[in-house]
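Subject: Structure for your review

Dear colleague,

Please find below the structure that I am handing over to you. My notes on what was found in it follow directly after.

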Amino acid sequence: MLTDLVTGLEVPTDLLIGGRWSPADDASTFDVIDPATAGVIATVANGTVADAGRCVDAAAAAAAGWAATAPRERSSILRRAFDLMTDREEQFAELIVRENGKAFADALGEVRYAAEFFRWYAEEAVRLHGELTTAPSGSNRIMVVRQPIGIALLITPWNFPAAMATRKIGPALAAGCTVILKPASDTPLTALAIGALLAQAGVPDGVVNVLPSRRSGPVGEAILGDPRVRKLSFTGSTEVGRSLLRVAAEQVISSSMELGGNAPFLVFDDADLEAALDGAMVAKMRNGGEACTAANRFYAQAGIAEEFTERLAQRMGALTVGPGIDRANAVGPLVNQAAVDKVSELVGDAVSRGATVSTGGGAITGDGYFYAPTVLAGVPAGSQLLDEEIFGPVAPVVTFETEAEAIALANSTEFGLVSYVYTGDLARGLRVSEALESGMVGLNRGLVSDPAAPFGGVKQSGLGREGGHEGMVEYTESKYIAVAW
Ligand code: NAP
């Protein structure tokens, strides 16, 4: 247990299995690093394959009892979790800043968003409806009930350590499933603190198990290889998602995948430019650019491209960069050195092909993993950063002439998570929204995430939806009963 990292917040450092905190089976540990200083802030138990087996045993032992718990009781527990998290929002935000690096305001925004998944699914827990119809032949009734799918493995990334966990735990618990949460190794502390919070909210032993581990491959395979496990919900990179789908295929496990993005941000000549710039800043800089929903490519129509680029550069250049724990800083560090190296490489590639740097353009030397907010103008086709997730504070701008060209450019990617469109013509906005190949569209909005809405991607950005009503359905199976009476 860490007592001095964040005042007033219980931050365990062991594994949570069957309601007990315990070290790893082989007593191994790993370090958690503060990206603002590159210093070690905590040492956490490093779960083994044997621990993974203990997690499945614990989740299996709790499964029948939790599935039989009254929906109202499950709802009340989730509601208490919302209240507890809201009461401690500042402490949770500070913890996220310490292990992830993001600016304090972004961390606080994440905690509020994360807590909302507990509240939303507290409300949904009592609204899991079935169906009753008469068979077309008239011979019987068709009755459909929704049952909890069973034990779920939840694997989360480091960029939203709280929200990606609650977006899965909330609907799973509401539906009556027990879970094993495997958080990212860069940010295990928030997940462990959420485990402690859920126990305090009244979640019975074994319903939520938390397994930090640097051995993510073997641990994931062990859990998915157990026939008692029936659900995989993964948020992370497309590459890892693909490999987990192969593993899940062995036991034909139902899989929800929230994968990478490459969001286009289209600004038409008729857009309200001030609003488009506000939206661009949110879509690009929420989380310092480390978001799957981050605007990755800006397409500006010829009539406003120059002014848009110039004003975007002014706004990006004015952001204060520094440790997120200092609330005056708008942009924190990237998560680790590998992230800085990747962003540097992508910017270097674009510049070598002829892009010009309007502001920023490089890593910031000194302690921690900082990169300057950057705008690149005239980015030529073929530049790597138009095809890959940048995952950093870099905005490449490309000019287009026609609506058809904008749609073609936006869709020229294997990803399809979210797109953004700014236009003053609502008919055009809706026409373009329908033509964009993405699971979500922000139309004159730079932020789409909402616990009440179905979040997810098409193409290689994922399978299934999280949030909204659909998010809970993902943790259920339909059972059809042919009834004659
Ligand atoms: P990642 O490298 O794919 O890791 C995600 C999680 O998978 C981590 O917990 C990681 O554990 C685990 N993992 C890695 N290899 C594994 C394996 N072979 N078997 C089982 N688990 C494995 O992604 P990330 O770098 O943490 O996150 C960034 C990515 O997430 C970006 O691509 C971003 O777009 C995507 N993302 C998508 C959404 C969405 O909703 N669509 C939301 C947020 C982020 P370790 O940390 O221990 O390796």
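Helix 1 (residues 49-68) holds both D51 and R54, which are three residues apart, about one turn of the helix. Please note that this is a predicted model. The two residues form a salt bridge, with the closest N and O atoms of D51 and R54 2.9 Å apart. D51 is buried, because its relative accessible area is 0%, whereas R54 counts as partly exposed at 36% relative accessibility.

Salt bridges elsewhere

The count of salt bridges comes to 23. One of them joins K168 to E466, with 2.8 Å between the closest N and O atoms. This pair links distant parts of the chain, since K168 is in helix 5 and E466 in the loop between strand 21 and helix 15 (470-473), 298 residues apart. Both partners are buried: K168 has a relative accessibility of 0% and E466 one of 5%.

A further salt bridge is formed by R428 and E403, whose closest N and O atoms are 3.0 Å apart. R428 lies in helix 14 (residues 426-435) and E403 in helix 13 (residues 403-411), so the pair ties together parts that are 25 residues apart in sequence. R428 is buried, with a relative accessible area of 17%, and E403 also counts as buried, at 17% relative accessibility.

The protein is divided into domain 1 (2-259 + 461-483) and domain 2 (263-450). The contact takes 26 residues from domain 1 and 31 residues from domain 2. Taken over C-alpha atoms, the centres of domain 1 and domain 2 are separated by 30 Å. Between them the two domains bury about 2,200 Å², 56% of it on carbon and sulfur atoms. P35, W158 and S461 supply 22% of the area that domain 1 buries against domain 2, more than any other three residues.

Between domain 1 and domain 2 there are 10 residue pairs in polar contact and one salt bridge. On the side of domain 1 that touches domain 2, helix 3 (89-100), helix 4 and helix 8 (238-250) each supply at least two residues. Helix 3 gives the most to that side, with five residues.

Individual residues

Which residue presents a charge that is buried yet has no salt bridge? It is E124, placed in helix 4 (residues 104-124). The side chain of E124 does make a polar contact with the side chain of H469, at 2.6 Å. Leaving aside neighbours within four places in sequence, E124 is in contact with G468, H469 and M472.

M472 is also touched by A174, as are R74, L78, Y121 and A125, not counting residues up to four places away in sequence. A174 is found in helix 5 (residues 163-175) and counts as buried at 0% relative accessibility.

Finally, S449 is found in the loop between strand 20 (440-443) and strand 21 (462-463). S449 is buried, with a relative accessible area of 14%. Beyond its neighbours within four places in sequence, S449 is in contact with Y113, R286 and F455.

With kind regards

Terms used:
Residues numbered from 1 in each chain as written. Predicted model: local features only at pLDDT ≥ 70, side-chain atom pairs only at ≥ 80, totals over all residues. Heavy atoms only, no water. Helix = DSSP H or I, 4+ residues; strand = E, 2+ residues; numbered from the N terminus. Buried < 20%, exposed > 50% of the residue type's maximum accessible area, 1.4 Å probe, protein only. Lys, Arg positive; Asp, Glu negative; His and termini not counted. Salt bridge = Lys/Arg side-chain N within 4 Å of Asp/Glu carboxyl O. Polar contact = N/O pair within 3.5 Å; in protein donor to acceptor, adjacent residues only side chain to side chain. Contact = heavy atoms within 4.5 Å. Domains from an automatic or database assignment. Buried area = accessible area lost by both parts, 1.4 Å probe.
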